[in-house]
Amino acid sequence: MDQQQFQKIVDEKNPKVPFFMNILKAFIVGGIICTIGQLITFFYMRFFPFTEGTAGNPTVATLVFIAMILTGTGLYKKIAQIGGAGSAVPVTGFGNAVISAAIEHKSEGYVLGVGGNMFKLAGSVILFGVLSAFVVALIKTILVNIGVVSW
Amino acid sequence: MKKSLFVFLMVLLLGACSSEKEKVIFPSDNSSSLKPIMQKQDTIYGYKSVINEEDILVAININRFDRFNKAKIEKKITKQIEKQFPEKKVLVTGDQKLMWEVETIIEKKLKQKELKKSIEKIKLLSKEET
């Protein structure tokens, strides 16, 4: 039996991946998370002096905070089992990545374990965000000073 | 259970379809020359406007898919109004928050002094960046 034959048998025996159902579930779970985010945005706009443009920042912070608490209590795991990418792609996935890494390395101690590994997964996201924001702001500042565009 | 879910979905679907069209100018007595400008805009489905001696505030409801051009639409309407009222400061906004603030002014029917205060507050809000 060569490799191709073996691969054929494996493909036959493996259960089929329910692509369509996975996509549908991810769509629904991601949609629910985003709807909650929109409701939080409206909450901040209604009761605090935030406009449509500025309410996004506290909304993101709130969503990440909620996701962190849900991860700590083990509920986010269940949501992720149903939703898959639908629960990982919105900003809540970021909170999940931070806290789950912290929980995983708790046994190695608080400094070297939790502190050292907390941002292993999410740290690159923060670094990339801060650096790209800095570069974009730098370009915009230069363009404004030259007089090409205005703020 | 299934029946209640069905009823809930029906309410949700039907509720989403009814968009109330509201076109209000406050106070209504000096609305004559602002109305035709707003009337001919085809990218918005509603507006609420407040006018006093110095300022014109217009909060607009932009059509769902025209929202991608929000800034352009705001600029265009601002220019048209400025042409009509060269002596006034014009602020046109598609922001939902400012729409709500304008609505509270209209609901409370604010008079001179309070009106000016509220308008200043809205203008400050519209400049908010943080």
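Modeller: Two residues are in contact if their C-beta atoms, placed from the backbone, lie within 7 Å. Helices (H or I, at least four residues) and strands (E, at least two) are DSSP runs, numbered from the N terminus. The model is predicted: local features need pLDDT of at least 70 and side-chain atom pairs count only at pLDDT 80 or more, while totals for chains, interfaces and linings use all residues. Residues are numbered from 1 along each chain as its sequence is written, and chains are lettered from A and ligands numbered from 1 in the order in which they are written.

Colleague: Thanks! How many helices and strands does chain B have?

Modeller: Chain B holds five helices and four strands. Read from the N terminus on, its elements follow the order α-β-α-β-β-α-β-α-α.

Colleague: What percentage of the 130 residues of chain B count as buried?

Modeller: A residue is buried if 20 or more other C-beta atoms lie within 10 Å of its own, exposed if 12 or fewer, and partly exposed in between. By that count, 22% of the 130 residues of chain B are buried. As for contacts in chain B between residues at least 6 apart in sequence, 56% of them join residues at least 24 apart.

Colleague: Let's turn to the sheet. What is the order of the strands in the open sheet of chain B?

Modeller: Two strands pair if DSSP finds at least two bridges between them. In chain B, four strands make an open sheet in the order S1-S2-S3-S4, and the pairing is mixed. Its edge strands are S1 (23–26) and S4 of chain B, each pairing on one side only. Axes are lines fitted to C-alpha atoms, for helices over the stretch in contact, and angles run from 0 to 180 degrees between N-to-C directions. With direction ignored, neighbouring strands of this sheet are turned by 15 degrees against each other on average.

Colleague: Do go on to the pairs. In which sense, parallel or antiparallel, do S2(B) and S3(B) pair?

Modeller: S2(B) and S3(B) are antiparallel, with seven bridges, and a hairpin of three residues joins S2(B) to S3(B). S1(B) and S2(B), on the other hand, pair in the parallel sense over four bridges. You can follow this residue by residue: B:Val24 stands opposite B:Lys48 in S2(B), and B:Ile25 has B:Ser49 of S2(B) as its bridge partner. B:Ser49 in turn has a bridge partner in S3(B), B:Val58.

Colleague: Now the helices. Which residues of H5(B) are buried?

Modeller: They are B:Leu115, B:Ile119 and B:Ile122. Down the axis of H5(B), these buried residues fall within an arc of 60 degrees, so they line one face of the helix; the arc is that of the directions from the helix axis to the C-beta atoms. The other side of H5(B) has exposed residues, among them B:Lys113, B:Glu114 and B:Leu124. The cover over the buried residues of H5(B) includes S2, S3 and H4 of chain B.

Colleague: And where does H4(B) lie?

Modeller: H4(B) lies across S1, S2, S3 and S4 of chain B, at about 55 degrees to S2(B). The helix spans residues 96–108, and from its first C-alpha to its last it reaches 18 Å, close to the 18 Å expected at 1.5 Å a residue. That expected span is 1.5 Å times one less than the number of residues. Buried in H4(B) are B:Lys97, B:Leu98, B:Glu101 and B:Val102. Seen down the axis, they fall within an arc of 140 degrees, so they line one face of H4(B). After H4(B) comes B:Lys109, whose phi is positive, near 50 degrees.

Colleague: What do the buried residues of H4(B) pack against?

Modeller: Their partners include helix H2 (19–47) of chain A, along with S2 (44–51) and S3 (55–62) of chain B.

Colleague: How many residues does the contact take from chain B and from chain A?

Modeller: Chain B brings eight residues and chain A brings seven. On the chain B side, H4(B) gives the most, with three residues. That side divides into two nonpolar, three polar and three charged residues. Here Ala, Val, Leu, Ile, Met, Phe, Trp, Tyr, Cys and Pro count as nonpolar, Asp, Glu, Lys and Arg as charged, and the others, Gly among them, as polar.
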